[in-house]
Amino acid sequence: LQDGIRLADQVITRTKVAKNELLATGQVTINENNLALTVDYGVPAEQKAFTLDLAYDVDVAAQIQEIVDYANDIGVEINGMITSTKNITKLRNNQYLQTAINGNIGAGAQLSRGQLEAYFSDEFGIDTVVTNDLKYGASAEIGADERPIITQKKYYPQNKITFFATNPGGRLGTGLWGDSPEADASAFYNVSGSTVSPYVYIMQWMETDPTVLWTKASSLFMPVLYNPNSLFIATVAETGV
C-alpha cells in the first residue's frame, strides 16, 4: 500500500513539473517510457525573449509597461504573473517602485507585499500575483556512504517571471487527464485507481521465480494552454540585486 501511494505521488508530481515548465518556457519536455520529444505550444519566440532587470536603481515599472503594451498591441490583456519570492523581494526593494507608490520620501523603505500587489493591479491590471518556491525530488542516487542523495529542483525557475492572461473563465495551468493502458488491464492484473484522482492507476503483478511483487503507478496527462499568445515570459537579468 505504501509503495502504491508513493508511486502515485510521484506521478502527480510529474504533472506539476510539466505545468510549471509550460508556464516558464512555453513548452513541455517528455523524456520517459522510451519517448523523448518536446511539445511546443506555439508561444511566439518574441514572447519568450523578454528580459527584466530588477536592480534597486533601475526603472522596473517602465520595463513591465513595455511588456503590457506589447500584449495590448496583439489584443491580449495581461491579468496575472507568476514568479519566485526572491524576485518579489527585489521588486519590493526597487527604488523606482518605492517612489511611485510612496513618493520621494518612501525611497529606501521596503514595500509591503500588499502595496506592491495593489500598485500592479492599479497600474498594469495585474490582479493576480503568484509565487512558487516549492521543490521536488528530481532524481536520486546512492552516495559513497551508501546513503541516498536526492537532487532537489524548483517547480518554477527562480530566474523567470511569466506574465499571463487567463481564459474567459479565469483559468490557467490546468491539464487534460486520460486513461492509461492500465485502465484496460484490470481483467488480467490487480489494478486500482484513486478516488480523488481516478486517472492515476496503481498496478501490481507477481513473478514466481524468484518471487517478486512489482508495483507501478501510471497516468495519461498533458498541460493545457488555451491561447498561445497568453504567455509573456521574462528572464531576470543576473545583474539585478
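Phe120 has a relative accessible area of 1% and is therefore buried, a word used here for values under 20%, with exposed meaning over 50% and partly exposed anything in between, for a 1.4 Å probe and protein chains only. This is a predicted model, in which local features need pLDDT of at least 70 and side-chain atom pairs count only at pLDDT 80 or more, while totals for chains, interfaces and linings use all residues. Residues are numbered from 1 along each chain as its sequence is written, and side-chain values use heavy atoms, leaving out hydrogens and water.

Rings of Phe, Tyr and Trp (its six-membered ring) pair if their centres lie within 6.5 Å, and their planes count as stacked under 30 degrees apart, edge-to-face over 60 and tilted for the rest. The count comes to 8 aromatic pairs, among them the tilted pair of Tyr119 and Phe120, with 6.3 Å from centre to centre and 50° between the planes. Tyr119 is also buried, at a relative accessible area of 14%. Trp177 and Phe221 have ring centres 4.7 Å apart and planes at 55°, so this pair is tilted. Trp177 is partly exposed at 32%, whereas Phe221, at 15% relative accessibility, counts as buried. Phe50, Tyr70 and Phe232 form one aromatic cluster.

Tyr119 also takes part in a helix contact (heavy atoms within 4.5 Å), in which Leu97, Ala100, Ile101 and Asn102 of H4 meet Gln115, Leu116 and Tyr119 of H5.

Conventions
Helices (H or I, at least four residues) and strands (E, at least two) are DSSP runs, numbered from the N terminus.
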